[in-house]
Number of protein chains: 2
Amino acid sequence: MAGVQGHALAAAVAQAGALGSVPSATYTAEGLHAELQALVERIGADAAYNVNFFCHAVPTADVAAQHAWLDALAPHYQRLGISAPDPGGFAASRAPYSAAVAAVVAPFKPRVMSFHFGLPAPALVAHAKAWGAVVLASATTVEEGVWLQANGADAVIAQGLEAGGHRGHFLLDGRSPSDALLLAQQMGTAALVPQLVAALNVPVIAAGGIASAAGVRAALALGAAGVQVGTAYLLSPEALTSPLHRAALQGPRAAHTALTHLFTGRPARGIVNALMQDLGPLHPAAPAFPLSTAALAPLRAAAEKAGSADYSALWAGQHARAARPLPAAEITAELLRGFAPA
Amino acid sequence: MAGVQGHALAAAVAQAGALGSVPSATYTAEGLHAELQALVERIGADAAYNVNFFCHAVPTADVAAQHAWLDALAPHYQRLGISAPDPGGFAASRAPYSAAVAAVVAPFKPRVMSFHFGLPAPALVAHAKAWGAVVLASATTVEEGVWLQANGADAVIAQGLEAGGHRGHFLLDGRSPSDALLLAQQMGTAALVPQLVAALNVPVIAAGGIASAAGVRAALALGAAGVQVGTAYLLSPEALTSPLHRAALQGPRAAHTALTHLFTGRPARGIVNALMQDLGPLHPAAPAFPLSTAALAPLRAAAEKAGSADYSALWAGQHARAARPLPAAEITAELLRGFAPA
């Protein structure tokens with residue numbers, strides 16, 4: 001939930017009796033330190049919380065790819081009457097977990113560390129375990145779950161296709177010519193969870209489509225040991241969800257999400273908007289993750305200034321209509337009811 | 001499950017205490033009559049069973065489209081060393097429900113009639129209800145569920161994205177330029193079932209990924225009144241699943257299914273094979289449903305003769321690895337355990 005939450009939501013969830021998370025992919029070192037500091041000031045340094053990181057390979061700069069992407073976006077720059085940016089000046093919008101990031105995190109000794117797009121280098125996994133962290137990582141296939149268990153994951157998050165935000169697949173390349181084939185193979189929660197439970201010895205945490213006590217009960221019936229919930233919190237006052245994003249979540253458009261790599265270069269689930277409809281959710285010119293973002297930033301800024309989310313990444317899962325504008329404590333209490341005996 | 005089952009599996013399921021189905025999209029009138037006759041001889045004319053039909057619009061013949069499709073397939077004809085068929089000579093492989101088909105079915109008065117791709121004409125729905133049939137139909141979105149309830153469905157099948165075989169979507173056209181966008185929006189069972197339960201007054205039947213008592217319990221937790229199960233029966237001795245299809249279901253390839261329209265012209269889920277890898281699961285030249293099938297038939301026949309499923313539609317859901325070579329009665333008993341109090 002990088003970009004739509006910080007320490008406030010994590011603290012509220014922790015205080016309500018669940019495990020709050022701080023998504024860290026978009027922070028600078030200073031920003032991450034400040035969030036963690038603010039969190040422990042709220043819930044105490046010994047309280048349990050999770051810090052979540054991406055661990056993708058950083059792509060090499062490719063000016064030709066940026067030119068092609070700007071060509072694809074040119075009609076949109078014309079439409080909004082703004083100038084396209086310099087194709088050589090793009091910075092990565094998201095950074096992977098690294099030794100430098102670990103140096104910021106380690107003093108806090110978070111009890112749980114979770115990773116998306118695989119795991120970081122073995123030394124970094126060992127480092128986290130050395131300070132006592134439980135290590136979680138996301139699997140979208142049985143093969144990925146087996147790989148994560150073999151490489152140190154203490155529990156595996158079964159990320160069903162329903163989930164909002166970035167797909168966590170990492171064993172198959174998401175940008176090959178068979179991108180469509182890859183995504184067509186991604187599994188729903190109902191199929192993925194029981195297959196991971198059958199294949200693994202470590203606990204499985206179900207994610208994707210879970211937004212209520214009923215969803216929790218269903219996940220537990222499938223053999224999950226816990227659940228990971230994101231979209232259900234997007235309308236809480238503690239989330240940093242933008243007003244345009246909140247409006248989309250509460251309107252009819254929330255009924256239709258799709259997996260798209262337009263906004264970052266990796267497939268992620270968000271509410272269908274004008275850019276996705278115009279270019280299609282997968283476009284061959286979208287640069288590698290996370291280098292698609294920069295060329296869209298001026299379009300997004302101009303559109304949002306005019307009250308439009310036509311170019312915004314409106315991350316949401318397939319059960320977005322279950323998101324409610326309630327305090328995080330109430331949403332958490334509802335989910336926790338799913339763990340009580342029926 | 002048209003093509004992989006007939007009255008034998010339906011009878012075994014009925015005798016085990018569940019509702020057996022006869023999939024009827026690929027039968028001639030004579031074939032359908034023979035199947036229904038054989039079924040009622042096995043289970044009795046008063047026993048409950050379901051007859052399932054497609055109700056797509058029949059496309060107009062389009063020789064240019066067939067030429068384009070044969071052009072796309074030309075390398076495969078060369079590879080197998082066989083001649084491509086006459087592009088003008090294609091017959092539809094599947095027929096929709098019609099007054100003529102109803103005339104075959106009506107004397108049997110099946111207690112349940114189920115439809116895929118929407119519902120037939122209102123008069124045909126009324127006809128089935130007049131002989132006492134309960135009418136079921138598949139929804140892949142909340143909008144489709146609302147439409148089906150308003151147009152006479154007595155219960156709605158929530159077809160989650162995990163399900164094998166043809167996607168049942170009908171309110172959005174599956175062959176538009178935004179085919180990829182449409183399929184990217186299809187929902188997993190965990191998200192679709194609770195949203196349909198919340199939106200509808202009629203009972204919701206969960207389908208997709210359900211292959212065990214645990215899966216049934218999860219569906220019931222989400223509010224489903226029942227479940228529809230297909231893939232779990234594909235290896236039963238009563239199914240008509242081909243030896244090549246059975247081998248694929250029991251091998252490592254069963255881990256990867258995808259939605260493809262190559263085999264019929266409509267997106268359907270099957271085990272990934274050579275044709276899907278070569279053309280991609282969605283190819284712009286695939287003719288409208290069901291007219292993609294004929295041009296593939298000679299390739300399929302030649303490959304299968306040589307022991308290869310490279311051109312075969314290996315329909316299966318995302319939980320295919322849960323299929324077991326057990327009698328249908330045992331598979332049914334396992335599923336029924338999911339309805340018992342925990």
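The legends below walk through several close-up views of a predicted model. Residues are numbered from 1 along each chain as its sequence is written, chains are lettered from A and ligands numbered from 1 in the order in which they are written. Because the model is predicted, local features need pLDDT of at least 70 and side-chain atom pairs count only at pLDDT 80 or more, while totals for chains, interfaces and linings use all residues.

**View 1. Strand β3 of chain A, residues 112-116, is mostly covered.**
Let us start with a strand, meaning a DSSP run of E with at least two residues, numbered from the N terminus. In β3(A), 5 of its 5 residues are buried, that is, each has 20 or more other C-beta atoms within 10 Å of its own, with C-beta atoms placed from the backbone. Val112(A), Ser114(A) and His116(A) lie on one side, Met113(A) and Phe115(A) on the other, and both faces are covered.

**View 2. β3(A) pairs with β2(A) and with β4(A).**
Strands count as paired if DSSP finds at least two bridges between them. Strand β2 (residues 50-54) of chain A runs parallel to β3(A), joined by 5 bridges, and here Asn52(A) stands opposite Ser114(A). Strand β4 (residues 134-139) of chain A also pairs with β3(A) in the parallel sense, over 4 bridges, with Val112(A) opposite Val134(A). From β3(A) the chain passes through helix α5 (residues 122-130) to β4(A) in a right-handed β-α-β crossover: with the strands pointing away from the viewer, the path from the first strand over the helix to the second runs clockwise. A helix is a DSSP run of H or I with at least four residues.

**View 3. Three strands of chain A form an open antiparallel sheet.**
The order is β6-β10-β9. At the edges sit β6 (165-166) and β9 (257-260), each pairing on one side only. β6(A) meets strand β10 (residues 268-271) over 2 bridges, and Gly165(A) has Arg269(A) as its bridge partner.

**View 4. Chain B touches chain A.**
Each chain brings 42 residues to the contact, where two residues are in contact if their C-beta atoms, placed from the backbone, lie within 7 Å. On the side of chain B, the elements giving two or more residues are α7 (179-184), α8 (189-199), α9 (213-221), β9 (257-260) and α11 (274-279).

**View 5. Lys129(B) sits in helix α5 of chain B, residues 122-130.**
Why is Lys129(B) partly exposed? Lys129(B) has 14 other C-beta atoms within 10 Å, and partly exposed lies between buried and exposed, the latter meaning 12 or fewer. Ala255(B) is 126 residues away in sequence and 41 Å away in space, C-alpha to C-alpha.
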